[in-house]
Amino acid sequence: MVNKITGLRDKLLYIWRIPGLPVLFLLNIIYGLGMSFFAPFSSLFGIDEAGMSNIGFGIFMTIMAVGGVVISSYIAKKSDTTLSRRRILIYSSLAGAAGYILFAYLRNYFALCLTGFFVLGSAAATVPQLWAYARDALTAAKVPSEETPLIMNIFRMFFALSWIGGPALGAWLVMMLDFKGLFFFVAACYLLGSLTAIFLLKEIARQEVPNQESIKVKKYVSRPHILANLAAAFLLYSASSIHMLNVPQFVTKTLHGTEMQVGIIFSVAPIFEVPLMIIVGMMATKMDNSVLIKVGYFLAFFYFLIFGFVSEPQQIYPLQILSAAQVSITAGIAISYFQDFIPEAPGTATTLYMNVTQIGSTAGYLLFGFISSLISYGQLITIYTVFAGIGCLFITVYGKERRAGSNRNKKAAESPPSSYK
């Protein structure tokens, strides 16, 4: 036992000493805090504060998501060829600060939509580029490929840390300072991220992509195993976003629970996610990531399935540990797992995956509003359980293709790159 603890300590110290990683950990917390302040209260802002209808709010969120996908995808292509990731982080962070300052004052629907699409759409490139920069940093430090999943999972853990207290602090800001104060704090996070990138982050070499043809998204999406994994991610994130919106309604209206019980339910999972991410990351260094991903998707399906049978709010508390376990896998190693599909263009791979998950989440928001008006909250659980089950099926059926691709990518990663910028 002592040897295991010593080994874990030594591994964490090794990770901490990788050049640039401590700064990237800090940036992950900063951006995570900014997102955790606003995301839980987005519907309150749109519907209650800005006076949008439910349909209008759904369209508003869709416009923001589309803006993020379109602009960040364009930036991703440039980041894998010509643009500096450090400069992208600086400018996209400044865009985030400007966008949320505008949100503090704007209440006109069309002005909010334009700001959401263009300004915050540019800011959407921040997190994908941060993850791509982290991957480049590991490559530059000559970190063994088998260590990458653990490090990227710990990297994801710092993002999760900010969500343990972020939503509660966001709620306090809304109560004390209203949405104007909340948006100023979100803007401050993005401004702090930009200043951190300016003064603490260094330019880093990246693998040069041979030509523009190699980073065309269509080329990669046309591959069956990549398409299947993207479809599975879309379905899982759609199910997860519907679940997130459905839980408060299900607990209070179907199970006749209280708002405090809802708060406890959402607080349990993050507590367990942090240590589980480290454990899953260590497991990922010793076994095939595709196996872990399959387990994660099955756990998600099983969690939603069991959730549909609860009859009291207290029965959900222990289930949140199962939720934490599936999130630790599906959100923890998913980035490095998917980056292995396109090792020569990590920016494109990261942005492609995150865009699909964002679109899936947005689709979930729209589906929740539509479907919950037709069936009960309990019956809605069955719908998104089916989504997760189909996603699990996609991952399982296309597992062999993924392993074959992984072996080729691993050999390519072990070969020295032809040139660096």
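This is a predicted model: local features need pLDDT of at least 70, side-chain atom pairs count only at pLDDT 80 or more; totals for chains, interfaces and linings use all residues.

Biologist: With which residues is Phe 103 in contact, leaving aside its neighbours within four places in sequence?
Modeller: Phe 103 is among the residues with the most contacts inside the largest nonpolar core. It also belongs to the part of H5 that meets H6. Leaving aside neighbours within four places in sequence, its contacts are Phe 45, Phe 60, Met 64, Leu 112, Thr 115, Gly 116, Leu 120 and Phe 183.

Biologist: Are H5 and H6 roughly parallel or roughly antiparallel?
Modeller: The axes of helix H5 (residues 85-105) and helix H6 (residues 109-123) come within 7 Å and cross at roughly 160 degrees. Angles over 145 degrees count as roughly antiparallel, so H5 and H6 are roughly antiparallel.

Biologist: Which residues of H6 does H5 meet, and is the crossing left-handed or right-handed?
Modeller: On the H5 side the meeting residues are Ser 92, Ala 95, Gly 96, Ala 98, Gly 99, Tyr 100, Leu 102 and Phe 103. They meet Leu 112, Thr 115, Gly 116, Val 119, Leu 120, Ser 122 and Ala 123 in H6. The crossing of these two helices is left-handed.

Biologist: How are H5 and H7 arranged, roughly parallel or roughly antiparallel?
Modeller: The axes of H5 and H7 are 9 Å apart, and the helices pack at an angle of about 155 degrees. The contact involves Arg 85, Arg 86, Ile 88, Leu 89, Ser 92 and Ser 93 of H5, together with Thr 126, Gln 129, Leu 130, Ala 132, Tyr 133 and Asp 136 of H7. H5 passes H7 in a left-handed crossing. Since the threshold is 145 degrees, the pair is therefore roughly antiparallel.

Biologist: Why is H7 largely enclosed by the rest of the structure?
Modeller: Helix H7 (residues 126-140) reaches 21 Å from its first C-alpha to its last, close to the 21 Å expected. Just after H7, Lys 142 takes a positive phi of about 55 degrees. H7 is largely enclosed because its buried residues number 13 of 15.

Biologist: How many of the 15 residues of H13 are buried?
Modeller: Helix H13 covers residues 316-330 and reaches 20 Å from its first C-alpha to its last, close to the 21 Å expected. Its buried residues include Ile 316, Leu 319, Gln 320 and Leu 322. H13 is largely enclosed by the rest of the structure, because the number of its residues that are buried is 12.

Biologist: Is Glu 273 buried or exposed?
Modeller: Glu 273 is in helix H11, residues 259-284. Not counting residues up to four places away in sequence, it touches Ala 160, Ala 324, Val 327 and Ser 328. Ala 324, Val 327 and Ser 328 are among the buried residues of H13. At 11% relative accessibility, under the 20% limit, Glu 273 counts as buried.

Biologist: What is the relative accessible area of His 256?
Modeller: Most residues other than glycine have a negative phi. His 256, in the loop between helix H10 and H11, has a positive phi of about 60 degrees although it is not a glycine. His 256 is exposed, and its relative accessible area is 66%.

Biologist: What is the relative accessible area of Asp 178?
Modeller: Asp 178 lies in helix H8. It is not a glycine, yet it has a positive phi of about 65 degrees. Asp 178 is partly exposed, with a relative accessible area of 37%.

Biologist: What distance separates the C-alpha atoms of Thr 254 and Glu 312?
Modeller: Thr 254 lies in helix H10 and counts as partly exposed at 35% relative accessibility. Leaving aside neighbours within four places in sequence, Thr 254 is in contact with Gln 249, Tyr 377 and Gly 378. Thr 254 and Glu 312 are 58 residues apart along the chain, and their C-alpha atoms are separated by 9.4 Å.

Technical notes
Residues are numbered from 1 along each chain as its sequence is written. Side-chain values use heavy atoms; hydrogens and water are left out. A nonpolar core is a set of buried Ala, Val, Leu, Ile, Met, Phe, Trp, Tyr and Cys residues joined through side-chain atoms within 4.5 Å. Buried means under 20% relative accessible area, exposed over 50%, partly exposed in between (1.4 Å probe, protein chains only). Contact means heavy atoms within 4.5 Å. Helices (H or I, at least four residues) and strands (E, at least two) are DSSP runs, numbered from the N terminus. The expected span of a helix is 1.5 Å times one less than its number of residues. Axes are lines fitted to C-alpha atoms, for helices over the stretch in contact, and angles run from 0 to 180 degrees between N-to-C directions. Angles under 35 degrees count as roughly parallel, over 145 as roughly antiparallel, 65 to 115 as roughly perpendicular and the rest as oblique. A crossing is left-handed if the near helix is turned anticlockwise from the far one by less than a right angle, and right-handed if clockwise.
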